[in-house]
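Hi everyone, thanks for making the time. Let me put the sequence and the model up first, and then I'll walk you through what I'd like you to look at.

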Amino acid sequence: MAMLEKTSAEMVLRPAAGAVFALLDGRSVLFSETRQKIYELDQVGAFIWCKLAQGASLEDVHQELGQLGIDEQAARQFTWQAMNIWIDRGLLDLDWRMSANCAFSTVLGQRRISVRAANWDLLQRLISLFCVPDDSGGQEDIAIETMVLDDQVFFRGNDASIHRCKAAALAPTIKAHITERLIRSDHWAFALHAASLAKCGMGLLLCGQPGAGKSTLALELVDAGFQYAGDDVALIGADGTICGVPFALTLKKGSWELLSRLYGDWNGVTHCRSDGAEVRYLPIPDAHNGCLSASWIIFLNRVASGPVELTSLDQLDSIKRLIEGAFAADGKLSQAGFFALKRIVAGARSFQLTYSESAKARRLLMDLCNGKA
């Protein structure tokens, strides 16, 4: 049975650890031990805080504010504004009790990911992010918990910090959160903006900044028989091995026609990213979830029109371009990272791909990987 989202009448909030209320010369304040800050409250804010600290639900607070002469709409607005501010500042915590059965596990970047949601609809929205479930058990490295409260979604990760967003933005926000955690892992030397695929066990990197067409071209190549390993970020080990991050293919509006052409009248859930772009996710069932050695490195140069063309690049040009698209946990490419890049370019052929149509680029890359170009 699906669990309903919590409502204002059911949700109980409580002061976060390290947050205390006090009166100083008759003025109401909150002290945050975590942030080492004092926040002053007005009369209504102090009333709301004290009621929540006593275990009242949001709906209880609304009703008691009404008894003080505050109309219902204003009472709800005051309560929600205060609640959001206090949650963002780490002063207030939510009741995270939820069913252990409403959960999903997978492995990305050699790290176990666990997602728990307060209801099945919310979990289904998140499951669309991932290609392959993994129920083999074991301790999770990255844990996500999420719940709905009225029209907002809240989630927390391993550090217990609470984040909030609209339901339509949840999946992209969770994806960004997990990606950052993977990049910051000390297991990897650095990461690249690159889609990664495999052909007969050999790795193909499609490099380019957001908007270069990595996901659309990856979709074309998956349809041509390549094995998908990720469409946005590739993690690089100190030994030069490449580990894709096989989230579901992320496709913006410009690719939805191609998606429907390849998969019939495919009409997945539409999600909204923080930059305002609407995206849909396409899980790839047989995604590659291990390490690869790069045999081909392709730098994408998408143009408005013109022929498709591959231009060979030497190792120096290739490594310079890779450095431009590399990012590390501390913001710096280390010496170990540089030598990892050197190993990658030494074992691969590098090209710039200039193209305007993904179908033509697909054919040229197929010829390249089949030894015909």
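**A walk around the chain**

So, the overview: this chain has 10 helices and 23 strands, where helices (H or I, at least four residues) and strands (E, at least two) are DSSP runs numbered from the N terminus. This is a predicted model, in which local features need pLDDT of at least 70 and side-chain atom pairs count only at pLDDT 80 or more, while totals for chains, interfaces and linings use all residues. Residues are numbered from 1 along each chain as its sequence is written, and side-chain values use heavy atoms, with hydrogens and water left out.

The C-alpha trace spans about 80 × 50 × 45 Å along its principal axes. Of the 373 residues in the chain, 50% are buried. Buried is under 20% relative accessible area, exposed is over 50%, and partly exposed is in between, with a 1.4 Å probe and protein chains only.

Let's begin with helix packing. Two packed helices are described by the angle between their axes and the distance between the axes. The axes here are lines fitted to C-alpha atoms, for helices over the stretch in contact, and the angles run from 0 to 180 degrees between N-to-C directions.

Take helix 8, residues 315-324, and helix 9: their axes come within 10 Å and cross at roughly 130°. That makes helix 8 oblique to helix 9; the scheme is that angles under 35 degrees count as roughly parallel, over 145 as roughly antiparallel, 65 to 115 as roughly perpendicular, and the rest as oblique.

Now please find helix 6, residues 214-223, and helix 10, residues 358-369. These two pack at an angle of about 55°, with their axes 9 Å apart. That makes helix 6 oblique to helix 10, and the crossing of helix 6 and helix 10 is right-handed.

Back to helix 9, residues 335-346, which is where Phe 338 is found. Phe 338 is partly exposed, with a relative accessible area of 37%.

On to charges. A salt bridge is a side-chain nitrogen of Lys or Arg within 4 Å of a carboxyl oxygen of Asp or Glu. How many salt bridges does this rule give? The count comes to 17.

One of them joins Glu 40 and Arg 27, whose closest N and O atoms are 3.0 Å apart. Glu 40 lies in strand 4 (residues 37-41) and Arg 27 in strand 3 (residues 27-32), so this pair ties together parts that are 13 residues apart in sequence. Arg 27 is partly exposed, at 48% relative accessibility.

Arg 184 and Glu 180 also meet in a salt bridge, at 3.1 Å from N to O, and Glu 180 is partly exposed at 42%. For Lys 360 and Glu 357 the N to O distance is 3.8 Å; Lys 360 is partly exposed at 37%, and so is Glu 357 at 41%. Elsewhere, salt bridges that share partners join Glu 59, Glu 72 and Arg 76 into one network.

Last stop, the backbone. Gln 36 has a positive phi of about 60° although it is not a glycine. Gln 36 sits in the loop between strand 3 and strand 4, and with a relative accessible area of 58% it is exposed. Gln 110 also has a positive phi of about 60° without being a glycine. The loop holding Gln 110 runs between strand 6 (103-108) and strand 7 (111-117), and Gln 110 is partly exposed at 35%.

That's my tour; over to you.

Key:
A crossing is left-handed if the near helix is turned anticlockwise from the far one by less than a right angle, and right-handed if clockwise.
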